[in-house]
Structure formats: structure tokens, C-alpha cells
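Biologist: I want to know what stands behind the labels. Take me through them.

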Amino acid sequence: MIVVKVGGSSGIDYDAVCRDLAGRWKAGERFVLVHGGSGETNRVAEALGHPPKFVTSPSGYTSRFTDRATLEIFEMVYCGKMNKGIVERLQRLGVNAVGLSGLDGRIFEGKHKDSVRSVEGGKVKVLRGDHTGTVEKVNTGLIELLLGAGYLPVLTPPAASYEGVAINVDGDRAAAALAVALKAEALLLLSNVPGLLRAYPDESSLIREIPAGDVEAYLDFAQDRMKKKVLGAAEAVAGGVGRVVFGDARAGEPVSAALAGQGTVVS
Ligand SMILES: Nc1ncnc2c1ncn2[C@@H]1O[C@H](COP(=O)(O)OP(=O)(O)OP(=O)(O)O)[C@@H](O)[C@H]1O
């Protein structure tokens, strides 16, 4: 079992990811696909007159401030356009994919965090009305039911809070929690970069290997949103996932390339 997370930044080739995945699925490998949608969400939010707001916590993590209107736009894009676009691609390739959000069947469940600390102009402000959280529980029963019946699950945030409220969760860390819960042999985090770069955006500075016990030491190389990926990788290997690969989803055969060790391999 391999968990593949494909991001939502510009430049990702979803046709290439789905073609590669479909070929391997038909050859008998088993996957669960998780996806993002941040780039398209930003575009749609601008178009709807509710531009995205990002906050940076005092510890340096960047996240989307998700008020109720933002959550609804987020759902339109992640659960709608992005999820159905991927499911349609897989269906055209002859794979019976089922697209679900973390809310459905409480696939992803966690604690609702209503307020976030944000550094603005050198000062720390507390912003309330945030619909975010972190995945703490995974409904593996539902995923195994689908896999056992021959369906390829295509999953996306949001998650469900313990009270049943939709919460925006980081897709990389949700995929890591899923990989741990399913005891996956590998987690592939595919995005629009060749892997973790030592000197972003210089693509020749690719870090090829990271020892499993040492991942957090590499947080310093990651800026803004890449930090969550590194954190997700650390959580996955600490939870028993054998290998995490940060791979390139812009062209070629992104899944096969990552499984062949191209990108940044954490093991
Ligand atoms: N050291 C680094 N190496 C590689 N990318 C980095 C680094 N530091 C920051 N980045 C940025 O991180 C981005 C990838 O993270 P991001 O969360 O945007 O991608 P995603 O997973 O495709 O999106 P989504 O949130 O929709 O799932 C890259 O596009 C790059 O701009």
C-alpha cells in the first residue's frame, strides 16, 4: 500500500500523475491518492471577491486563515473541481476511483482550532473564527472497504472536527496520518518542485537523501508551505512508514520516478 499526495500548486501535471497511477494500479499495486488545491483556491477566492489571507505563526508556519466564507470556497475547489477532475481522469483511464473528502465518513478527524496566532508588523495578533485543525484520527475501515471492493480512493481536505464541523487541514500532514494509519510502505509527496531544495528556488540544490531520524533538522531549508511537508515526512517516518519521497509532479511518470528514488528520499 502506497499513499500518494499530489499538491495543488501551479505547474502540476495531473494527467501525468493519473496516467502513471492508472498503469501501476492495473498492474496490481494498491494506492490511496490525496490531493491539494491551493493554487486554484487562491484564483477562485480572488474571482469571488474574497481574496486569500495567509498567516504566519510565531514559530514560522504559514497557513490559510479559513473563515466560513473561505471554507466554502475551499470546499468548492477541493471537493468539487479538483477532486472530480482527478476522479474523471482516472475513470477515463479505466480506474474506478471514488472521490471523498475527509468529512465523508469522518475519514479525517481532528480538533477544531478556532483561533490562530499571527505575526503582523512584528506583533503577535490572535485571529478568531478560524476553521482549521490537525488530523488526529483516520477512518481506515472505510478506506479498506473501498480498496477491498476494488475502488481507488481519492481523498481531500477538509476534515471533520469532533463536533462534526468542517475544518481545513494540511493535506501533507493528513496524507502522513493516513499513511501511518494504513501502515503504508511509502508516502509520496508530489508537488511542483524536484524535492526539498537546499537553496530554494535553485533546483540544482536538491537534497537527495535525508536519514529518517534527522528530518526535523532539515526544516531550516524549507520556507513557508514546504515546512508542513517536512513536518509531515517526520510524522510519517516516526509513525512507521518505511519511506517518504518528495517528488516532482510536473511531467513524465511522477509516481514511478519517486518510487525509483528520484527527488528527496527520507528513509
Ligand atoms: N526548500 C524548498 N524546497 C522546495 N520547495 C520549497 C522550499 N521552500 C519553499 N518551497 C515552496 O514550497 C512549495 C510546495 O508547497 P505547497 O504546499 O505550495 O505545494 P502543494 O503541496 O503543491 O500544494 P497544496 O497545499 O495545494 O497541497 C513549492 O512550490 C515552493 O514554492
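Modeller: Start with valine 3. Beyond its neighbours within four places in sequence, valine 3 contacts Val32, Val34, Ala175, Leu178, Ala179, Leu182, Ala184 and Leu187. Contact requires C-beta atoms, placed from the backbone, within 7 Å. This is a predicted model: local features need pLDDT of at least 70, side-chain atom pairs count only at pLDDT 80 or more, and totals for chains, interfaces and linings use all residues. Residues are numbered from 1 along each chain as its sequence is written.

Biologist: Why is threonine 56 called partly exposed?

Modeller: Buried takes 20 or more other C-beta atoms within 10 Å of the residue's own, exposed takes 12 or fewer, and partly exposed lies in between; C-beta atoms are placed from the backbone. Threonine 56 has 15 such neighbours inside 10 Å, so partly exposed is the label.

Biologist: What does threonine 56 touch, not counting residues up to four places away in sequence?

Modeller: Thr62, Ser118 and Val119.

Biologist: How do you know that the buried residues of α2 are on the same side?

Modeller: They are Ser38, Thr41 and Ala45, in a helix spanning residues 38–47. Helices are DSSP runs (H or I, at least four residues), numbered from the N terminus. The arc is that of the directions from the helix axis to the C-beta atoms. Here the arc is only 55°, so these residues share one side of α2.

Biologist: Which helix do they pack against?

Modeller: The buried residues of α2 pack against α3. The face turned away carries exposed Glu46 and Ala47.

Definitions and conventions
Contact = placed C-beta atoms within 7 Å. Helix = DSSP H or I, 4+ residues; strand = E, 2+ residues; numbered from the N terminus.
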